[in-house]
Amino acid sequence: MSDPTTLKDVYLDNNATTMVDPAVVEVMLPYFTEQYGNPSSIHSFGNQVGRSLKKARQQVQALLGVEHDSEIIFTSCGTESDSTAILSALKAQPERKEIITTVVEHPAVLSLCDYLEKDGYTVHKLKVDSKGRLDLDEYARILTERADHIAVVSVMWANNETGTIFPVEEMATMAADAEVMFHTDAVQAVGKIPMDLKNTDIDMLSLSGHKLHAPKGVGVLYLRRGTRYRPLLRGGHQERGRRAGTENMASIIALGKACELAAEKMAYENTEVKAMRDRLQEGILASVSHCFPTGDVENRLPNTCNIAFEYIEGEAILMLLNKAGIAASSGSACTSGSLEPSHVMMAMGIPYTAAHGTIRFSLSCYNTMDEMERVIEAVPSIVAQLRKLSPYWGEDGPIEDPEKLFAPTYA
Amino acid sequence: MWDYSDTVKEHFFNPKNARAMDDADAIGDVGSIQCGDALRLTLKVNAESEVIEDAAFQTFGCGSAIASSSVLTEMIKGKTLDEALKVTNQDIASELDGLPPEKMHCSVMGREALQAAVANYRGEVWKDDHEEGALICKCFAVDAVMIEDTVRANNLRTVEDVTNYTKAGGGCSACHEGIEEILTRVLAETGEAFNARASRQKLHASKEKPPVPGKGMSNLERIKRIERVIEMVRPQLQRDRGDVTLVDVDGDTVFINLVGACSGCQMASLTISGIQQQMMEDLGEFVRVVPVPANHAATTGVTA
Ligand SMILES: Cc1ncc(COP(=O)(O)O)c(C=O)c1O
């Protein structure tokens, strides 16, 4: 870490999680102390909490542009919302045994789908091109051919690694035309992309509190009225029996407040935050050779940029950034302890020479332009330092034909 | 981020001997950019004494790959080639005050680069036989390839078997689902179905029925069974560049000789207790497994 007495560390990992807004902390605190009632109780302790719960629901409703507040179901996280949505669609339509999703979903969807495949379900994973874009013709074809067999389409609104935005509203309409349910994992998109769900064909949507300055461990499943549904957790009548379990009141109140703030900051995200992101990317690309942004740069979240640094490895970059007081994340295999670099980078066909060196910078409204300049200043020497160590890098550029010059005898 | 030791961090932030060596006498290249890890080790070797006078590295890889390379160059400088070859991946990891299980392969890569460099110096061909798979058991750093090979070679059928042979699954149990998947896949190759219940029944059965005492067995049969257990564990040790041989049997004591990477390292005691357990299961009697030098018991005929 840099000297903590002089400079604050720069946090550019907001797609992983965000700081809880101080205003959000303030509204949630009483729910640990004086407002400890159970919202289901008849007495006044519970009654008051019940009213707050309704207010939080309305705050979420407003941000999402939802018609009825009863369409908001509070859950424990984005992952639970994703699982509930997909499993509900399968349970409610047992005769339908196929799912459409994409190769670049978050593990919250992909791992579940892989698991379901083992249980005999068929999963159609839409591929992406080199910029991470979907082929809607492929989607239309599968929808048409398999319409009667598809239980649900689940496509993320925006990708967590690259920020690439998917045309989910259009895709939801296509699904509706084929009479197929549509779910979107909007965990990264909520608060950054304006939404008006009542005027879309989206049936279910997942969001997660900790990506928009509410605490970890609270999420929402939007469930359009009339959508066939089977709960994941059965038990008490909380959330109208659609998600049993006593409400995590403090976090729900916090999420409500965070949604209200997110609505207010939506414009700032798409102007000021976007300007900082653009400056960061431009500054890095201008001063470092052999690096490029990944994903669909014309069509991505305003806060995200993912840059691939060739011939060096992501974890090593992160460790040096961390030492310089900069927090980011990487799609390298080594950061996750797996052997393959990120499935998102592989799906886009990013070459191995670059895929291991992808770094995601994800901003929030708490970042400043000064911080961007600090990062722009720090990155070139970090990259140079690692390239100097790399057997794939010569005096001032990649060695020619690395496969030949660097030649392990057994390769 | 990983919980790296201070020594790992020190070697990563201030790597020793990180440079290209133009006049190297020996070059060892291992890894590839595909796997995200590649290391070139270069040595300056005294032609007369075979002492490594200088060592340098270039590494493409994560923090622990760079740290492993750096510490390796420090460890082998001043050693003869033969002495250097005795450095195991465990030694590299220990010198770094430990590596997370997911990162042990970085130390293996260091050791392989060293072997490749020595082979290069001596004009030999070095063959890498180390295929790596996805890490399944994080407690004991066992990967999928190792489990698959062991299941195939020994006709294993249950998660318990896999744990006995490879240690995988012997810790937190989180990987049991993954091990069952491997069993299902490998058993399917021979048209067999994985039966999860088999292991549970066996577990209860072995508790209810006392093991058949080995006394009913002829001496010859008994030795044969002991040998068979030794043969079964050998491939696994050889993969870690070690080996085990049976030296002698005296009453309930079985003398074995552990060589190579497994002797002396902290895994040795785990290995011995694994062999002992396997023998007891096979023989149905209590035996004590004692490691000895290769010529020990055979000549002295010691008793336990
Ligand atoms: C796209 C996406 N979906 C789902 C999740 C999981 O959310 P949670 O951590 O709340 O379970 C995340 C968070 O990493 C995400 O980025």
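How many Å separate the centres of domain 1 and domain 2 of chain A, taken over C-alpha atoms? The answer is 29 Å, in a predicted model where local features need pLDDT of at least 70, side-chain atom pairs count only at pLDDT 80 or more, and totals for chains, interfaces and linings use all residues. Residues are numbered from 1 along each chain as its sequence is written, chains are lettered from A and ligands numbered from 1 in the order in which they are written, and side-chain values use heavy atoms, leaving out hydrogens and water.

**View 1. Two domains of chain A.** Domain 1 covers 4-18 + 265-404 and domain 2 covers 22-262; the bounds come from an automatic or database domain assignment.

**View 2. The open sheet of chain A.** Its 7 strands follow the order β2-β8-β7-β6-β5-β3-β4, with mixed pairing. Strands are DSSP runs (E, at least two residues), numbered from the N terminus, and two of them pair if DSSP finds at least two bridges between them. β2 (72-75) and β4 (122-126) stand at the edges with a single partner strand each, so one side of each has no neighbour in the sheet.

**View 3. A parallel pair in chain A.** β6 (residues 181-185) and β7 (residues 204-208) pair in the parallel sense over 3 bridges. Here A:Asp185 stands opposite A:Ser206 of β7.

Conventions:
Helix = DSSP H or I, 4+ residues; strand = E, 2+ residues; numbered from the N terminus.
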